[in-house]
Structures are given as C-alpha cells and as structure tokens.
Amino acid sequence: MLRLSQVTKIYAGGVHALQAVSLDIPAGLFGLLGPNGAGKSTLMRTIATLQSPDSGTLQFGAIDVLQDKMGLRRVLGYLPQEFGSYPRTPAEMMLRHFAALKGIYGPDQRGEAERLLVLTNLWDVRKRSVDTFSGGMKQRFGIAQALLGNPRLVIVDEPTAGLDPAERRRFQNLLVDMGQDRVVILSTHLVDDVADLCPRLAIMGQGRILAEGRPTQLVDALADQLWTTMVRRDQVAALRAQHQVLSCRLKSGNVEVRVLAANCPPGMDKAVPTLEDVYFATLHQHGLAANPE
Ligand code: ADP
C-alpha cells in the first residue's frame with residue numbers, strides 16, 4: 001500500500017500543482033485520470049522521488065519515501081512517456097545496461113534480461129536495436145526495463161498513446177499481469193483504459209483529488225442523474241443555457257447530448273452512465289468542465 005498524506009507542491013511562479021493530496025493506493029492497477037495541467041505528472045514524479053513536495057508525507061509499506069529515497073528507488077519501476085535508448089544497440093544489451101544501472105550484475109543480469117524479454121514477447125527481436133521497434137514494441141520494452149529487479153511499485157505515465165489496437169490490447173494485458181501482486185499506478189487521460197483495466201481510480205483536477213473509488217461505485221452513483229437526447233447542432237447552445245451539459249457527441253449530423261440533472265428534463269431519456277460520464281460530471285461539479293462538442 002502506498003499512502004500519500006497532505007502532499008503539497010507549489011512551483012516557483014506560484015502554480016499550486018498539488019494541493020494537500022491524500023490518497024491510499026492498494027496493490028493492483030490504480031488509474032489516475034485528469035485533464036492536462038491537473039498535476040498528474042507532478043504527483044508521479046514526487047512518488048518516484050524525482051522531485052520533492054513542499055510538505056506532506058509518502059509512505060510505501062515500511063518505507064518513509066521522503067526520508068529514504070534510495071530505499072524507495074530500490075523497489076520502484078518507472079515507465080516514463082519517453083525514454084532514451086542508444087541507437088544501433090541490440091534490445092538485449094540495452095536491457096542489460098538498464099539492469100546494471102539498477103545494480104543487477106553477472107548471471108542475475110543475463111537471467112533477468114532473458115526473463116523479461118520473454119515476458120514482454122520481445123525475445124525473437126532481442127538482437128534488433130530499440131530505435132527500429134514499432135511504438136508497441138517500444139512500450140513493451142519500456143515495461144521490460146520498468147520490471148527489472150521485480151519492483152514492488154510501478155509507475156506508468158501515459159502509456160498507450162500512438163499504439164494500434166492490437167498493440168494496445170497486448171500492452172493492456174501486460175499491465176494487468178503486472179498489477180497482480182504489486183502497486184501499479186497508471187497515469188493517463190484515456191478514460192477507456194482505466195475503465196477496462198483498473199479496479200480503483202482517482203480523478204485529479206487543479207492539484208486536488210476530486211473523486212476516488214471503484215469504477216462501478218463511481219458509475220453507480222450517477223444512476224438516476226444522467227439524461228440524454230438527440231438534437232440539431234443549432235439547438236445545443238439553448239440546451240447548454242438551461243442544463244448542465246456534460247458531453248456532446250456528433251452522430252450522423254445530429255448531436256447526442258448528455259445532461260446531469262436531479263430529475264428527467266422534458267423530452268429526454270435516461271442514460272446508462274459510463275466512466276466517461278463520471279469523469280465529465282466530476283470536472284463539471286468542480287467548475288472545470290471542458291464541455292467537449
Ligand atoms: P499533468 O501531468 O496533469 O498535465 P503537471 O503535473 O504536468 O500536470 O502540471 C501541473 C501544473 O503545474 C500545471 O499548471 C503546469 O503548468 C505546472 N508545472 C508543471 N511543471 C512545472 C515546473 N517545472 N515549473 C512550473 N510549473 C510547472
């Protein structure tokens with residue numbers, strides 16, 4: 001379990017990137033959602049000990065993260081959005097190089113590299129240089145390097161952008177596997193990834209945790225408050241003036257509008273809520289609505 005308590009970060013220039021963030025993250029895949037600028041990367045970098053908060057505490061099992069950064073780094077795997085690799089270096093050598101940086105040498109290093117190349121389905125291409133890999137292969141290589149040394153805590157930052165559907169599915173399956181017996185934090189703005197993969201999630205906005213829980217629990221809480229109707233494009237502005245419009249989706253020339261309201265607005269039907277509705281409703285309730293159209 002990772003426990004964050006009152007974690008606060010104000011950047012020079014006055015941006016309140018984290019405002020007293022308190023969060024318990026149990027073993028398994030934990031989704032962190034939020035719009036750009038919400039503070040997700042700041043939180044990920046803080047947990048990964050790449051930067052320090054101004055105040056607050058972080059506890060991972062017996063490790064006081066701010067007091068024992070090296071202790072945390074020994075049990076941490078980090079998959080950043082982009083990671084560097086040397087050109088014309090075979091993937092296997094690159095992985096062994098990363099292993100050495102983690103203090104893994106000798107037979108352990110070879111064994112660990114082989115195990116992870118097999119796990120991530122890269123064994124057959126181990127002699128190829130990482131810079132010739134497809135996006136999906138690079139991401140799987142990223143997972144392989146993040147899993148070196150069998151970390152207890154893994155941080156995955158915006159992983160599935162740019163992957164084709166088959167690569168994305170393979171990557172998602174690997175993430176689920178990874179979450180079996182460790183804490184895995186998946187920071188993303190892809191609501192579908194979190195809905196599909198994560199037993200628990202949090203939604204961040206403006207440096208705060210706005211909602212937290214199980215996807216089903218958050219979705220159920222919207223039942224009886226969500227309504228939908230199809231309108232012409234030129235009717236949307238009038239609806240917005242009258243109702244809390246969460247989202248608008250263009251469908252064969254018309255617009256499917258989803259509205260948050262205590263009672264059914266005239267002419268609308270009850271909608272089955274999704275995690276995307278939860279996301280928009282949460283931002284809306286905190287005055288952060290994007291109102292996409
Ligand atoms: P997210 O990952 O959710 O997009 P970030 O943690 O990157 O959010 O950013 C949160 C806020 O902090 C934003 O307003 C961003 O502009 C600001 N910010 C991020 N990094 C820095 C920095 N190094 N210096 C100043 N402001 C920053």
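Predicted model: local features only at pLDDT ≥ 70, side-chain atom pairs only at ≥ 80, totals over all residues.
Local features need pLDDT of at least 70 and side-chain atom pairs count only at pLDDT 80 or more, while totals for chains, interfaces and linings use all residues, and side-chain values use heavy atoms, with hydrogens and water left out.

**Stop 1: residues 2-10 and 16-25.** You're looking at β1 and β2, an antiparallel pair joined by six bridges. Strands here are DSSP E runs of at least two residues, and helices are H or I runs of at least four, numbered from the N terminus; two strands pair if DSSP finds at least two bridges between them. Pick R3 and you'll find its bridge partner in β2, D24. Now widen the view: the open sheet has four strands in the order β2-β1-β4-β5, with antiparallel pairing.

**Stop 2: the ligand.** Show everything within 4 Å of it, counting heavy atoms of the residues. Around the ligand you get Y11, V15, A17, P35, N36, G37, A38, G39, K40, S41, T42 and R45. A polar backbone atom of G37 sits 2.7 Å from a ligand oxygen, one of A38 is 3.1 Å from a ligand oxygen, and a backbone N or O atom of K40 lies 2.9 Å from a ligand oxygen.

**Stop 3: residues 135-146 and 165-178.** These are helices α5 and α6, whose axes come within 9 Å and cross at roughly 10 degrees. The two are therefore roughly parallel to each other, a label for angles under 35 degrees. From α5, the contact uses G135, G136, M137, Q139, R140 and I143; from α6, it uses E167, R170, F171, L174, L175 and M178. Contact means heavy atoms within 4.5 Å.

**Stop 4: residues 226-231 and 254-260.** Here β11 and β13 pair in the antiparallel sense over six bridges. Select L226 and its bridge partner in β13, L260. Both strands belong to an open four-stranded sheet, ordered β12-β13-β11-β14 with antiparallel pairing. At its edges are β12 (244-251) and β14 (269-270), each pairing on one side only.

Finish with residues 275-285: helix α10 lies across β11, β12 and β13, at about 140 degrees to β12. That angle is taken between N-to-C directions on a scale from 0 to 180 degrees, using axes fitted to C-alpha atoms.

Notes:
Residues numbered from 1 in each chain as written. Parallel < 35°, antiparallel > 145°, perpendicular 65-115°, else oblique. Polar contact = N/O pair within 3.5 Å; in protein donor to acceptor, adjacent residues only side chain to side chain.
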